[in-house]
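Here is a short briefing on one protein chain. Look over the sequence and the structure first, then work through the points.

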Amino acid sequence: MTDKIAGYNGLTQTEATLPAAYYLDAAHYERELAAIWYRNWVYVCRADELQQPRAFRTLEIGSQNILVLRDDQGELQAFHNTCRHRGSILCTETEGTLRSRSLVCPYHSWSYSLQGELQRTPSKHTPDDFNKADYPLYDVAVIDWQGFVFVNLEGSNAIPFEQSLQEDNANLDNWPLAELKLGHVYKKTMDCNWKIFWENFNECLHCPSVHPELSKLVPIYSRAFMEAQDDPNWAEHQGSDDPRLVGGMSPEAQTWSFDGQPSGETFAGLTDEQRQVAYHYVVSKPSVFIVAHIDYVRIVRLLPLGPEKTEIQAQWLFSEANLADDNVDIERVAEFAKLVMDQDARVSEINQKGLRSIKHQQGVLMAEEYAVHDFQNWVRQQLED
């Protein structure tokens, strides 16, 4: 990023965007899969969605089919969903519970332990130099972080998960993340490149016109700012308690919902400041961001489906007490964020369509788009590495 005016977040000179071809070209899309999606941590599901021994999930990351399971000892395991014999898919279902203690290829019946070791083949004449220990399943790194399951296709060479977390992430230690339960899921396919949605996430120039409901709850968004220091004159407002100037929720709102009011019990361990701000972000590129509120937590995952298609999935997590409370309308809680995500999806799609112009080779970033600049530099660095 360019030099900042003391404390000011914004860019102090115009910056060029990524080339338009990065959002359209099939060959470049494959390059990003290899350089970014196959080297970084990708969110799979909640740990309790794989709670029982032999429970499994498969996940498509680009062209790669990944198998995640819990073995009989309760440990998470992850592999490429590919037999070492001639490359057949092992699990053809997307989720379920394995019927035996082995993974058996449906093609030629090679059999593997749930830790990935080759146990047996049906061949009647095994070559003398064949050693089963040489043919384990291709490993994939897997981690349970605060109840969230992530995988990394780099396997034993994967970067530590903590390195994938954005430096300015909020501290969510006061939220009982691992104890929360899944209450609602929303999924849709967007007609845009995966980077378009991340760029939209990283600026609020669009907020006043695209998100009128959210801008009412978070008044600084109505000024097209994400934070107080996005304003070049931010220093003049120090000491103010006006959320239009300093951020945070409107005085009558406490959480992200249509009326700004929480549903059911709020999380007991939060500080006064955490309750006052009321929305706290954790980001792990390229796959997820987590938003923690005082009464629920939402995790949003992106998966690339092609140069101009992206899947977005959101999960809403609640305390067991709130899920068991008939007075807590989980659907109603989810509807607000679904509205916001649909609004984001719509503008991301019109952004994608405009990039097809044969005249538009590259765009330009303005001062408030400093976080978009940071994201695009992250993409550039990933491709260089």
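The count of aromatic pairs in this chain comes to 21. One of them joins Y43 and F150, and this pair is tilted. Keep in mind that the model is predicted.

**Aromatic rings**

- The ring centres of Y43 and F150 are 5.4 Å apart, with 55° between the planes.
- Y43 sits in strand β2 (residues 42-46) and F150 in strand β11 (residues 148-152), so their pair ties together parts that are 107 residues apart in sequence.
- Y43 and F150 are both buried.
- One aromatic cluster is made of W37, W194, W198, F201, Y281, F289, F375 and W378.

**The chain as a whole**

- The chain has nine helices and 17 strands.
- A compact globule of 385 residues would have a radius of gyration near 21 Å, and the value for this chain, 23 Å, agrees with that.
- Along the principal axes, the C-alpha atoms fill a box of roughly 80 × 55 × 35 Å.
- Buried residues make up 50% of the 385 in the chain.
- Take the contacts between residues at least 6 apart in sequence: 65% of them join residues at least 24 apart.

**Surface and charge**

- The accessible surface of the chain is about 18,200 Å².
- Carbon and sulfur atoms account for 45% of that surface.
- There are 33 positive and 57 negative side chains.
- The centres of these two sets of charges lie 8 Å apart.

- H80 belongs to strand β5 (residues 76-80).
- H80 has a relative accessible area of 14%, which is under the 20% cut-off, so this residue counts as buried.
- Beyond residues up to four places away in sequence, H80 touches Q64, N65, I66, Y138, D139, V140 and L153.
- T189 is in strand β12.
- With a relative accessible area of 42%, T189 is partly exposed.
- Contacts of T189, leaving aside neighbours within four places in sequence, are L305, K309, T310, E311 and E349.
- T189 and L302 are 113 residues apart in sequence, yet their C-alpha atoms are 9.7 Å apart in space.
- Q163 lies in the loop between β11 and β12 (181-190).
- The relative accessible area of Q163 is 56%, which is over the 50% cut-off, so Q163 is exposed.
- Q163 and S113 are 50 residues apart along the chain, and 31 Å separates their C-alpha atoms.

**Backbone details**

- Which peptide bond is cis, with omega near 10°? The bond from K285 to P286 is.
- P286 lies in the loop between β13 (280-284) and β14 (288-292).
- A224 is not a glycine, but its phi is positive, at about 70°.
- A224 is in the loop between α4 (212-217) and α5 (243-246).
- The relative accessible area of A224 is 15%, and this residue is buried.
- A278 also has a positive phi, near 75°, and is a residue other than glycine.
- A278 lies in the loop between α6 (272-277) and β13.
- A278 is buried, at 0% relative accessibility.

Technical notes
Residues numbered from 1 in each chain as written. Heavy atoms only, no water. Helix = DSSP H or I, 4+ residues; strand = E, 2+ residues; numbered from the N terminus. Rg over C-alpha atoms; globule rule 2.2 N^0.38 Å. Buried < 20%, exposed > 50% of the residue type's maximum accessible area, 1.4 Å probe, protein only. Contact = heavy atoms within 4.5 Å. Areas by Shrake-Rupley, 256 points an atom, 1.4 Å probe, with all protein chains shown as cover. Lys, Arg positive; Asp, Glu negative; His and termini not counted. Charge placed at Lys NZ, Arg CZ, Asp CG, Glu CD. Phe/Tyr/Trp six-rings, centres within 6.5 Å; stacked < 30°, edge-to-face > 60°.
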